[in-house]
Amino acid sequence: MTNNMQLENKTLLILKMAFASALSWEIAKFMGSHHPYLAPITVILCLQTTINRSIRFSFHRIVGTMIGISVTVLIAPHLQVNGWTIGTLILIGCFVATWLKRDATTIHQVALTVLLVFDLGHKSGYYPIDRFRDTLIGAFVAVIVHMFIYPPNFTNQASKSIHHFATHLTTTFSKVSDWVGSGLEKQTGYALQTETKQLLKELHQANSLIQDASESLQYNPFTKKSKKNLQNYQQRVDYLTQGYAYLSNVVGTLIAWSESGTITPDQQSIWAAQVKALAPFFHVKENPVVLYPPSETLKVMIPSNLEQQRFHVSLYHETKSLLKKLDQLSKNEG
């Protein structure tokens with residue numbers, strides 16, 4: 001994700017946090033809370049990067065608050081406020097949460113609730129009730145604001161990441177073609193190997209952004225078009241993954257063939273043309289992505305005099321396997 005995209009996402013989150021905090025405070029006051037700050041605290045904690053994460057965190061906070069209040073209200077009246085009693089209550093509350101098979105987030109909320117309710121509850125009898133009611137208000141406001149005011153949607157970021165990777169991949173295909181046609185210079189080959197490793201990082205980033213985009217669409221009420229686009233992007237990444245794997249293997253094989261000293265100028269010319277012919281399959285021409293099924297683009301064969309040439313045979317089968325996989329992906333897409 002680019003710095004501009006990250007800044008845009010953070011800016012929206014900050015604006016929502018400010019608005020939802022103010023709104024939840026006013027609602028809590030209207031509902032009679034003596035501690036209205038508890039509602040915006042919940043808003044701040046529950047506003048996560050996606051609606052799905054906000055809902056999950058809100059659930060954990062509400063459950064943890066309920067357990068913490070219950071344990072404290074039942075036991076605290078018989079105890080004095082000091083470090084040991086607070087520690088004991090936290091221990092009991094967290095073990096109750098564990099017994100109820102709650103996760104670590106809920107356990108943290110239990111501990112926090114026990115601490116504050118035990119201390120402030122002795123000073124203000126309203127605190128436990130305010131704590132529960134204002135937690136509900138804050139969680140509800142956080143989720144509703146997140147869901148209906150510019151809800152998170154990372155499909156555009158995923159699309160840009162895929163487009164960037166596809167452009168880099170097709171450029172590298174062209175570089176490999178030029179390198180093979182110009183004589184397989186050793187240092188250039190090593191540089192291309194390094195470049196393919198960088199491509200792998202970009203591929204991982206594209207896959208990660210697709211996962212983020214998929215999660216951002218959960219509970220998002222305005223996602224019909226985005227879901228369709230995201231499906232296309234996933235199909236495109238499947239294409240690009242095959243292209244990356246092919247290119248990485250081919251560069252390694254060509255370096256080994258060059259170092260063996262057995263490749264001829266004619267074979268260099270054939271494989272330069274073959275690699276160049278494959279590049280258009282991985283180029284993203286428009287957004288949303290449209291897949292173009294591969295045609296028969298196997299430009300090389302295995303004549304009898306090359307049947308024992310393992311590098312030529314290996315590259316041939318790599319290419320044939322790639323085209324078969326692309327054909328299959330195209331049929332699945334259709």
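**A friendly note on an all-helix model**

1. Among contacts (heavy atoms within 4.5 Å) between residues at least 6 apart in sequence, 79% join residues at least 24 apart. Please keep in mind that this is a predicted model, in which local features need pLDDT of at least 70 and side-chain atom pairs count only at pLDDT 80 or more, while totals for chains, interfaces and linings use all residues. Residues are numbered from 1 along each chain as its sequence is written, and side-chain values use heavy atoms, with hydrogens and water left out.

2. Next, the secondary structure. The protein chain has eleven helices and zero strands, where helices (H or I, at least four residues) and strands (E, at least two) are DSSP runs numbered from the N terminus. With a radius of gyration of 30 Å, well over the 20 Å that the globule rule gives for 334 residues, the chain is more spread out than a compact globule. That radius is taken over C-alpha atoms, and the rule is 2.2 Å times the number of residues to the power 0.38. Along its principal axes, the C-alpha trace spans about 95 × 40 × 35 Å.

3. Now to burial and surface. Of the 334 residues, 45% count as buried, meaning under 20% relative accessible area, with a 1.4 Å probe and protein chains only. The chain exposes about 17,500 Å², and carbon and sulfur atoms supply 61% of it; the areas come from the Shrake-Rupley method with a 1.4 Å probe.

4. The largest nonpolar core has 46 residues. Such a core is a set of buried Ala, Val, Leu, Ile, Met, Phe, Trp, Tyr and Cys residues joined through side-chain atoms within 4.5 Å. Helix 7 (155–181), helix 8 (186–216), helix 9 (224–260), helix 10 (265–278) and helix 11 (310–333) each supply at least two of its residues. Helix 9 gives the most, with 13 residues.

5. L169 is worth a look, being one of the residues with the most contacts inside that core. Not counting residues up to four places away in sequence, L169 touches L199, L240, G243, Y244, L247 and F282. Apart from this core lies another, of twelve residues, including L47, I137, A139 and V141.

6. T85 counts as buried because its relative accessibility is 13%. Leaving aside neighbours within four places in sequence, T85 is in contact with L79, Q80 and F118.

How values were computed
Buried means under 20% relative accessible area, exposed over 50%, partly exposed in between (1.4 Å probe, protein chains only).
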